[in-house]
Amino acid sequence: MKIVVIGGTGLIGSKLVALLKNRGHAVLAASPNTGVNTLTGEGLDAALAGAQVVVDVANSPSFADQAVLDFFQTSGRNLLAAEARAGVQHHVALSVVGTDRLQQSGYFRAKQAQEDLIEAGGIPWTIVQATQFLEFLGGIAQSAGAGGEIRLSPAAIQPISSDDVAAVLADVALAAPLLGRLEIAGPERLRLAELVQRYLDLKQDGRRVVADPQALYFGAPLDDGTLVPAGQARLGSVTFAQWMAR
C-alpha cells in the first residue's frame, strides 16, 4: 500500500514513516523540503498519485492566531481536494485532545477548523486526538513566563510520548476509517505545574514554577477536564520517568 505522510520529516512524521516502512509499505515523506507544499499545492498531485492513505501530521510554523488559522484552512482544503483527485481512501489527521474545550486559544480554534474541514470533506477519515506531547514540556515552560518564574495551571494533564503517538498512527493508517475520532493519552495522569517543575529540575534548570489556577494555557483557561481524554482513550506505555531516562 502507498501511504503519504504530510509533515513526514518532522518529530512525529519521521517516526511514523519508519514504522510504516518497517511493515512493508511504500511510504512518501511529504513536506516543503521534499518538494510537497500543502499551502501552495506544489507537488501535491504527484505525491498523492496512487496513494491509498494520507496521514497529516503537519503543524503550522506560526502560532499567531490568523497565521495558524490560515495554515490549517488552506492546507486542509488543498490536501482534501488533491486526495479527491487521487482517489485516496483514508484521510488520517493528528489533532489534540481537548480541542473543542480550548476555543479561547487561536491555535485550538484553528485545529477545530481543520477537524471540521475533514469531517465535511468527503474522504473517509479518522482523527487521532492526542494529549500534549512529553516533548513539548520545554516549550510549555517557555510559553508560560519570562525570567525565573513560570506560572502554570495545576490542572490535570496526561502527556504522551512521540513514540506512542507514532505507533498509534501507524495502526490507524493500516485500519479501516473510523469516520470518527480516537483519543490517545499517556499512561499517567499528572498535574501540569508539578510536571513542568519536575522536568526543569531534572534538566538542572533553575527556574521555578508557580501553580496558578488562573494561569492561561496558550490563551485558554484550564480545569481538570480540559487536557485529558473525555472518554475511553487508547493509552501509551511510556511514563515521564522512562521518557526522561532516554
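Which residues form one aromatic cluster? In this predicted model, the cluster is made up of F63, F71, F72, Y107 and F108. A search of the whole structure finds eight aromatic pairs. In one of these pairs, F63 and Y107, the ring centres are 4.7 Å apart and the planes meet at 35°, so the pair is classed as tilted. F63 belongs to the loop between β3 (53–56) and α3 (65–86), whereas Y107 is part of helix α4 (residues 106–120). The two parts are 44 residues apart in sequence, and the pair therefore ties them together.

The two partners of this tilted pair can also be described by their accessibility. F63 has a relative accessibility of 43% and counts as partly exposed. Y107, at 12%, counts as buried, because the limit for a buried residue is under 20% relative accessible area. Y107 also forms an aromatic pair with F108. Here the centres are 5.3 Å apart and the angle between the planes is 90°, an edge-to-face arrangement. Both Y107 and F108 are buried.

The backbone was examined next. Most residues other than glycine have a negative phi. L179 is not a glycine, yet its phi is positive, at about 55°. This residue is placed in the loop between α6 (162–173) and β8 (180–185). With a relative accessibility of 56%, L179 counts as exposed, because the limit for an exposed residue is over 50%.

A positive phi is also found at F218, another residue other than glycine, where the value is near 50°. F218 lies in the loop between β10 (208–211) and β11 (234–235). Its relative accessible area is 36%, so F218 is partly exposed. L179, in contrast, counts as exposed.

The loop between β10 and β11 also holds A230. At 65% relative accessibility, A230 counts as exposed. Which residues are in contact with A230 when its neighbours within four places in sequence are left aside? The contacts are with R101 and E183. A230 was also compared with L182 in sequence and in space: the two are 48 residues apart along the chain, and the distance from C-alpha to C-alpha is 11 Å.

In summary, the aromatic cluster includes F63 and Y107, a pair that joins a loop and helix α4. Positive phi values occur at L179 and at F218, and the loop that contains F218 also contains A230.

How values were computed: Residues are numbered from 1 along each chain as its sequence is written. This is a predicted model: local features need pLDDT of at least 70, side-chain atom pairs count only at pLDDT 80 or more; totals for chains, interfaces and linings use all residues. Side-chain values use heavy atoms; hydrogens and water are left out. Helices (H or I, at least four residues) and strands (E, at least two) are DSSP runs, numbered from the N terminus. Buried means under 20% relative accessible area, exposed over 50%, partly exposed in between (1.4 Å probe, protein chains only). Rings of Phe, Tyr and Trp (its six-membered ring) pair if their centres lie within 6.5 Å; planes under 30 degrees apart count as stacked, over 60 as edge-to-face and the rest as tilted. Contact means heavy atoms within 4.5 Å.
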